[in-house]
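Q: Could we go through this structure together? Please define each term when it comes up.

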Amino acid sequence: MSVALRLAAAALPNILLIAGTKSTAHPRENIAGVGLLLSDADLVELDRIGR
């Protein structure tokens with residue numbers, strides 16, 4: 001989920017991500033995604049995989 005949130009933030013920098021959760025582990029995972037750095041090559045590869 002962290003990669004998905006980070007990818008969405010990279011693709012759409014003017015949005016506010018509000019992820020729902022049903023467990024206390026999910027917010028921790030989402031917060032961990034904030035520090036995840038995706039290179040331009042990572043973004044291209046993830047975009048390619050998603051098509």
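Q: What do the side chains of Arg-48 and Glu-45 form?
A: The side chains of Arg-48 and Glu-45 form a salt bridge, with 2.6 Å from N to O. A salt bridge is a side-chain nitrogen of Lys or Arg within 4 Å of a carboxyl oxygen of Asp or Glu.

Q: And how many salt bridges does the structure hold?
A: The structure holds one salt bridge.

Q: Is Arg-48 buried or exposed?
A: Arg-48 counts as exposed because its relative accessibility is 53%. Glu-45, with a relative accessible area of 35%, is partly exposed. Buried means under 20% relative accessible area, exposed over 50%, and partly exposed in between (1.4 Å probe, protein chains only).

Q: Before we go on, where do these coordinates come from?
A: This is a predicted model, in which local features need pLDDT of at least 70, side-chain atom pairs count only at pLDDT 80 or more, and totals for chains, interfaces and linings use all residues. Residues are numbered from 1 along each chain as its sequence is written, and side-chain values use heavy atoms, with hydrogens and water left out.

Q: Where in the chain is confidence lowest, and where is it highest?
A: Confidence is lowest in helix 2 (residues 25–34), at a mean of 76, and highest in helix 3, at 88. The chain has a mean pLDDT of 78, and 84% of its residues reach 70 or more. The pLDDT is the predictor's confidence in each residue, from 0 to 100.

Q: What is the overall pattern of the chain?
A: Along the sequence the pattern is α-α-α, with three helices and zero strands. Of the 51 residues, 8% count as buried.

Q: At what angle do the axes of helix 1 and helix 2 cross?
A: The axes of helix 1 (residues 2–11) and helix 2 cross at roughly 45 degrees and come within 8 Å. Helix 1 is therefore oblique to helix 2. Axes are lines fitted to C-alpha atoms, for helices over the stretch in contact, and angles run from 0 to 180 degrees between N-to-C directions. Angles under 35 degrees count as roughly parallel, over 145 as roughly antiparallel, 65 to 115 as roughly perpendicular and the rest as oblique.

How values were computed:
Helix = DSSP H or I, 4+ residues; strand = E, 2+ residues; numbered from the N terminus.
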